[in-house]
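Reader: I am new to this structure. Please take me through some of the terms used for it.

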Amino acid sequence: TQYSCYVTANTSMGEGKTSVTLTARTVEAVSSSPINFTLSSVTGSPTMLYANWSIPIPRNGIITGYSVYCNTSASQPYPEQNIGPNAPMVKLVVNGTTLGAKFTPGQNMPYTQYDCYVTANTSVGEGLPSVIATARTVEDFPSSPQNFSLSPVVGYPTQLFSS
């Protein structure tokens, strides 16, 4: 932040002339947390999420971009898959002053719940994380059944057995 200051002296006669105005800038630091962070699924796109946030207050410098971090949530509909809190964290870098992004979080799986947060970046480094937001990608059409077969049922000429 840049400040301009001057000084005046006061006596019982009134205010004196002002000094020379001096200008100084505080040093840049990492930013505070971005605010109003939200996360939502993207209709019609079973592997995408949309993240949205507002500028951190205070910024503590010039925001050069944002980083969105996501991980699959602990409670998943498919516990046998390698997802959950021990899965690798995915980082999405958003350059510039954009305050939102549509993205595919790491696992690229439909109907998966993600926990995400965002940080703001200055030339000093990455700032404090936002609150964590949670969203689930939308469901997708089911895949084709595999190893499907039909065979006649012995003794029942009008019936078939499927497996």
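Reader: How many bridges join strand E5 to strand E6, and do they run parallel or antiparallel?
Author: This is a predicted model. In it, strand E5 (residues 35–42) and strand E6 (residues 45–54) run antiparallel and are joined by 6 bridges. Pairing takes at least two bridges, so E5 and E6 count as paired. Within this pair, Leu 39 stands opposite Ala 51 in E6.

Reader: What do E5 and E6 form, and what is said of Gly 44 in the turn?
Author: E5 and E6 form a hairpin, with 2 residues between them. Gly 44 in the turn has a positive phi of about 85°.

Reader: What makes E6 and strand E9 a pair?
Author: E6 and strand E9 (residues 100–103) are joined by 4 bridges, and at least two are required, so they pair. They run antiparallel. Leu 49 has Phe 103 in E9 as its bridge partner.

Reader: Why is Gln 113 called buried?
Author: Gln 113 lies in strand E10 (residues 113–122). Its relative accessible area is 18%, and buried means under 20%, so Gln 113 is buried.

Reader: What makes the link between the side chains of Gln 113 and Arg 136 a polar contact?
Author: The contact between the side chains of Gln 113 and Arg 136 is 2.9 Å. The cut-off is 3.5 Å, so this distance falls within it.

Reader: Is Phe 148 buried or exposed, and how do you know?
Author: Phe 148 is in the loop between strand E12 (133–136) and strand E13 (150–153). Its relative accessibility is 57%, and exposed means over 50%, so Phe 148 is exposed.

Reader: Which residues form a nonpolar patch on the surface?
Author: Phe 148, Leu 150 and Leu 160 form it, with about 360 Å² of accessible area together.

Terms used. Residues numbered from 1 in each chain as written. Predicted model: local features only at pLDDT ≥ 70, side-chain atom pairs only at ≥ 80, totals over all residues. Heavy atoms only, no water. Patch = residues over 30% accessible without salt bridge, like charges linked within 9 Å, V, L, I, M, F, W, Y side chains within 5 Å. Areas by Shrake-Rupley, 256 points an atom, 1.4 Å probe, with all protein chains shown as cover. Salt bridge = Lys/Arg side-chain N within 4 Å of Asp/Glu carboxyl O. Buried < 20%, exposed > 50% of the residue type's maximum accessible area, 1.4 Å probe, protein only. Polar contact = N/O pair within 3.5 Å; in protein donor to acceptor, adjacent residues only side chain to side chain.
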